[in-house]
Amino acid sequence: SVELASLYEDIAHMCYRTKDMASAITSAEKALAIAERLNAYEVVASSCASLGTAFAYSGENKKAIEYLEKALRISLDKGYMATALRAYNNIPLALSSLESERCLECYEKGLELAKKVGDVYNQCLLGFNLAGMKFNMGNIAEAVQIASETVALDRRTGNVFHLYTSTNALGYAYQVLGEMEKSERCFKEASSISRQLNDFQAIAGGYDYLGLSCFDKGDYAKAKEFFEKLNATLEKAG
């Protein structure tokens, strides 16, 4: 049934957020096989999005791009906006550092679409990733503005999974700008949130930013501790 296919896709989505990539791939493949047999295009699209994302995290970038682009094509053609936004957000996971323009295009188009359809959850995800791109390109002020808007939306919607990563990222940006009081405030808030989480993506992102922060302060022992936790979290998730 379509319901069974949809359930397998939900399991896949949860697995790549909280458990492991192997389970995510297996469940998404089951979902896709059933959905394609039944011509259930909405589940086909979401299954491709989950499968592509899990392949991206597993380092199988060619497969990841294939499935994520298929998810995006079907979703835009048939009006499945939530899945289209997930595809826009996750395609860059499988792109190399040489494809920064395409990454930027995905985040910008995705953010524009999220605002158009009023999808605040994906606005936060895409806004945060766009801020990261701007930060790495040297557009620090613009990055902080976008990140601040994202943090405000996360707080308003109670999205603690994303708020943990976004506050850490904003704290690191403030540190680079030398605004240490704001930086410490962000890190303190993120630390408080961390105890509520079982989301490997958020936890890994938090360890990454905290490690970078400690490294820049010259606290190499603490930085090593955070990076070891990061590595262990990623290895466990596959």
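Entry 1

For the entries on packing I take an axis as a line fitted to C-alpha atoms, over the stretch in contact in the case of helices, and I read angles from 0 to 180 degrees between N-to-C directions. I note at the outset that the model is predicted.

I looked up helix α3, residues 41-57, against helix α4, residues 61-78, and found their axes 7 Å apart at a packing angle of about 155°. Angles over 145 degrees count as roughly antiparallel, and α3 and α4 are therefore roughly antiparallel to each other. I recorded the crossing of α3 past α4 as left-handed.

I then asked which residues of α3 and α4 meet. On the α3 side I listed Tyr41, Val44, Ala45, Cys48, Ala49, Leu51, Gly52, Thr53, Phe55 and Ala56. On the α4 side I listed Asn61, Lys63, Ala64, Tyr67, Leu68, Lys70, Ala71, Ile74, Ser75 and Lys78. By class, the residues of this contact are 13 nonpolar, 4 polar and 3 charged.

Entry 2. Helix packing, α5 and α6

I next took helix α5, residues 81-90, with helix α6, residues 100-117; their axes come within 8 Å and cross at roughly 155°. α5 and α6 are therefore roughly antiparallel to each other, and their crossing is left-handed.

From α5, the contact draws on Met81, Ala84, Leu85, Tyr88 and Asn89. From α6, the contributors are Cys106, Tyr107, Lys109, Gly110, Leu113, Ala114 and Val117. I classed the residues of the α5 contact with α6 as 9 nonpolar, 2 polar and 1 charged.

Entry 3. The largest pocket

I looked up the volume of the largest pocket and noted about 1400 Å³ of space. Its lining is made up of 50 residues. Which of them lie nearest the centre of the pocket? I found Tyr57, Leu93, Tyr107, Phe128 and Asn129 there.

Sorted by class, the lining of the pocket holds 30 nonpolar, 16 polar and 4 charged residues.

Entry 4. Backbone at Asn39

Finally, I checked the backbone at Asn39. Its phi is positive, about 55°, although Asn39 is not a glycine. I located Asn39 in the loop between α2, residues 21-37, and α3.

Technical notes: Residues numbered from 1 in each chain as written. Predicted model: local features only at pLDDT ≥ 70, side-chain atom pairs only at ≥ 80, totals over all residues. Heavy atoms only, no water. Helix = DSSP H or I, 4+ residues; strand = E, 2+ residues; numbered from the N terminus. Parallel < 35°, antiparallel > 145°, perpendicular 65-115°, else oblique. Left-handed = near helix turned anticlockwise from the far one by under 90°. Contact = heavy atoms within 4.5 Å. Nonpolar A, V, L, I, M, F, W, Y, C, P; charged D, E, K, R; others polar. 1 Å grid on protein atoms, 1.4 Å probe; cavity = no way out; pocket = protein on both sides within 12 Å on 5 of 7 lines; lining within 4 Å. Points joined across faces, edges and corners; volume = space filled by probe spheres on them.
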